[in-house]
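Open the model in your viewer and keep the selection tool at hand. The stops below say what to select next and what is there.

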Amino acid sequence: MNDRYNFKDIESKWQKVWEENKTFKVTEDPDKEKYYVLEMFPYPSGKLHMGHVRNYSIGDVIARFRTMNGYNVLHPMGYDAFGLPAENAAIQHKVEPAEWTWGNIAEMNRQLRQLGLSYDWDREVATAHPSYYKWMQWIFIQFFKAGLAYKKESQVNWCPSCQTVLANEQVVDGCCERCGTLVGKKNLSQWYFKITDYAERLLSNLDRLEGWPNKVKIMQRNWIGKSYGAEATFDIQDYDEKLTVFTTRIDTIYGTTFMVLAPEYPSVPDMVKGTEYEAETLAYIERCARMSEIDRTSTTNEKTGVFIGKYAVNPFTGKTMPIFISDYVLMGYGTGAVMGVPAHDQRDFEFARKYNLEIVPVIDPEDPEIDLNNLQEAFAAEGKVINSGEFNGMDNKEAIDKIAEVAEERGIGRKTINYRLRDWLISRQRYWGTPIPMIYCDSCGWVPEKEENLPVMLPTDVEFTGKGESPIVTSKTFVDTVCPVCGKPAKREVDTMDTFLDSSWYELRYCDARNDEEVFSKDKVDYWMNVDQYIGGVEHAIMHLMYARFFQMALYDLGLVKDEEPFENLLTQGMVIKGYEDSNGQYIKAKMSKSLGNVVGPAEIIEKYGADTARLFILFAAPPERELDWSDEGVEGSFRFLNRIWRLAYEFLEKYENIPGSYEIRNDADKKLAYTLNYTIKKVTEDIRDRFNFNTAISAVMELINEMYRYKEGEVNDALYSTCVRTILVLLAPFVPHITEELWQELGYEGYVYDQKWPTWNEEELKKDEIEIVVQINGKNKEKINIPGESTREDMLKIAEENEIIKGLTEGKNVVKVIAVPGRLINIVVKG
């Protein structure tokens, strides 16, 4: 055995062994309990960053630990390979998207293998490969047949920079989440998924997900946005249509003095057609179409609107009220029509003031500071109902139910539930995505491609212009086809699917990744699913995780899977941050970013220190759910620790007899080391299994090594010492697999450390003859005393009371309360 830790030779050696032996390949085994651990797969940008290393190292520890505990572990990897960067590369560098993508995948695959991750590479998938998107298209067709996919023309979010449509979830503070450009609106005919059909299930099922972080569930609840309220119907004077409004405060309906419609409200052009209001109304609609959603909904911008010459009739008072269109009402939420209650909504109040509209308070808060006859601003509507006919005098909360009941009895409204969630817009005017397998025929309408003709392949004869329409339009071979129903000339859909579709079911494809005959074998999926532990960033809380849950529920309803939820447990790891100096010389900590110049790449760490050092640091530096503050010193410290382990093994081989099997405790030093050994096994096991506290697990092993160095200064029990060395290698194997495999072989142990059974602890050896506890007076440490290890609470108190120092501190004082934590401390609360 070499006395120097040569990580480069060791790591390349074991990576080759694992690859040649297919060490991590798994198949279904009904006699073993399965465990499916999955990290969110990466977009193949070409280079791993430290966030990737953290995510995948966490998953690898869990996978290796579960394998060593006897589970049949599925741990796959792939690539979310469609997306805009490949298309931009085609435009900017004249590189084919496929060439750019496959080259990046090859490079990332090499980097992933360098980290020693225990993936079953035979299950590798890439969403841009026809063998994957064939089945993505098949799922789309099943959704279409089930009524979950439909096409409609509507206003959509349009990013002028990316030249594509964005789903609501991809608009952050009014801007494109990819490039930060202000998002506008555009009328397009688009494909949608009816995710709203699943709103209630998506919401109620969150209660089942006990292994998910509360913050993620809260984010999903807020996005689904369930509201209890009522619909009220308003007639339009001299017009054959009614307006339906959803409100959570129908108790204020008597205070409605005007109506406001979204500029996009479908009937508005017809309402003003041929009237004196037409030109101004249409000009306002066009102006609003150029505004971003963030500008339209801003609370600081001046409220604008246009009267359209029509009046609505209040269904309770019979009064007529002017109808306006205004930019602050959005068609995408509710019905696109709102009732203006200026006394109790500040936005409505400002609008009413500007256009000299009536303000009628209908709730009396009985607050002397509010003058109901001369309101200067709207006020929260809580109190007694006034100016509301038969409902006067009621508490407004009681009135909400009563007015809704009366509305239902009179046929002018009903209680209902509204959701903020909108149907998922899945069309994209891009090339590098899954082609939507739909065909338009003048006789048959929209029909799906025949399933035996899948996949509908992406054409290669396209031009990348960067213009708004899909590059697929430029293909001379793709668009023209024949109708699969009647055989007449027809045209293919030229839009591609939102890439979030591809990542909404990949966990299922991993279960049967090489199946050419069906999307996946139900038997295999039923064996492996659902995912026992899913790992990824919290930034995916809404979009990816919501969409994947929707897919799973829809596939469940189609009878293709047995579980309604795809991910049993979810771990959201924190970001990797690193300090840098800004232009003013200030030291700032931020997420690693090329633009900030604070990036440390995995490649340079692996080259200088090795993959095991990179893994060890990233796992030791912070608990996984917290931000990890990068430290060059921490990396060097991790490297020194691995060298210390190497020296420990080298010295052991040189000086001590390797005695496998059991040991006998011969003296107090043996007893102390045996206690530390068993404590470490217990600590590491529980930290990985129950808490994912990898940092404290590693720390416990470090303490065991420290104790071993202290122990070998005296008489050494070779059998006990051998057990400690062997156990350390097994406990560290999930964290640093290369060095532990090498040392396992060098020390002459049989097989591979990866295949070893996880050690168990001996409860008897965790019992101490004597332990030290702290005694506090009013929460402050005053004394340390030794007590028998098996002392009860009463034994502890008796020993403390007999202590001379404690007697002196409590003498003549009133003991109010005594708090005893067995095995740790006593706190005596005194007065006087």
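Where is the place of Asp238? Asp238 sits in the loop between strand E10 (226-236) and strand E11 (242-247). This is a predicted model, in which local features need pLDDT of at least 70 and side-chain atom pairs count only at pLDDT 80 or more, while totals for chains, interfaces and linings use all residues. Residues are numbered from 1 along each chain as its sequence is written, and side-chain values use heavy atoms, with hydrogens and water left out. Helices (H or I, at least four residues) and strands (E, at least two) are DSSP runs, numbered from the N terminus.

Asp238 is exposed, with a relative accessible area of 71%; exposed means over 50%, buried under 20%, and partly exposed in between (1.4 Å probe, protein chains only).

Next, select Lys94, in the loop between helix H3 (84-93) and helix H4 (97-114). Lys94 has a phi near 55°, again positive in a residue other than glycine. Lys94 counts as exposed, at 70% relative accessibility. Most residues other than glycine have a negative phi, and most peptide bonds are trans.

**Two cis peptide bonds**

Select Leu454 and Pro455: the peptide bond that joins them is cis, with omega about 5°. Pro455 lies in the loop between strand E22 (445-448) and strand E23 (480-482). Then go to Met529 and Asn530, which are also joined by a cis peptide bond, with omega about 5°. Asn530 belongs to the loop between helix H14 (522-528) and strand E26 (533-537).

**The sheet**

Select strands E6, E5, E9 and E19. In that order they form an open sheet of 4 strands with antiparallel pairing; two strands pair if DSSP finds at least two bridges between them. Strand E6 (164-166) and strand E19 (424-425) stand at the edges with a single partner strand each, so one side of each has no neighbour in the sheet. Strand E5 (residues 149-159) and strand E9 (residues 184-193) pair over 10 bridges in the antiparallel sense. To see one of the pairings, select Gln155, whose bridge partner in E9 is Asn187.

**Two crossing helices**

Show helix H5 (residues 130-145) with helix H15 (residues 543-557). Their axes come within 11 Å and cross at roughly 65°; axes are lines fitted to C-alpha atoms, for helices over the stretch in contact, and angles run from 0 to 180 degrees between N-to-C directions. Met136, Ile139 and Phe143 in H5 meet Phe550, Phe551, Ala554 and Leu555 in H15, where contact means heavy atoms within 4.5 Å.

While on H15, select His544. Is His544 buried or exposed? His544 is buried, with a relative accessible area of 6%. Apart from residues up to four places away in sequence, His544 touches Met40, Phe500, Ser503, Tyr506 and Tyr534.

**The cores**

Last, select Phe143, Phe193, Trp424, Phe551 and Trp630, the residues with the most contacts inside the largest nonpolar core, which has 184 residues. A nonpolar core is a set of buried Ala, Val, Leu, Ile, Met, Phe, Trp, Tyr and Cys residues joined through side-chain atoms within 4.5 Å. Helix H20 (residues 694-711) gives the largest share of this core, 11 residues. A second, separate core of 42 residues includes Ile250, Tyr284, Phe316 and Ala337.
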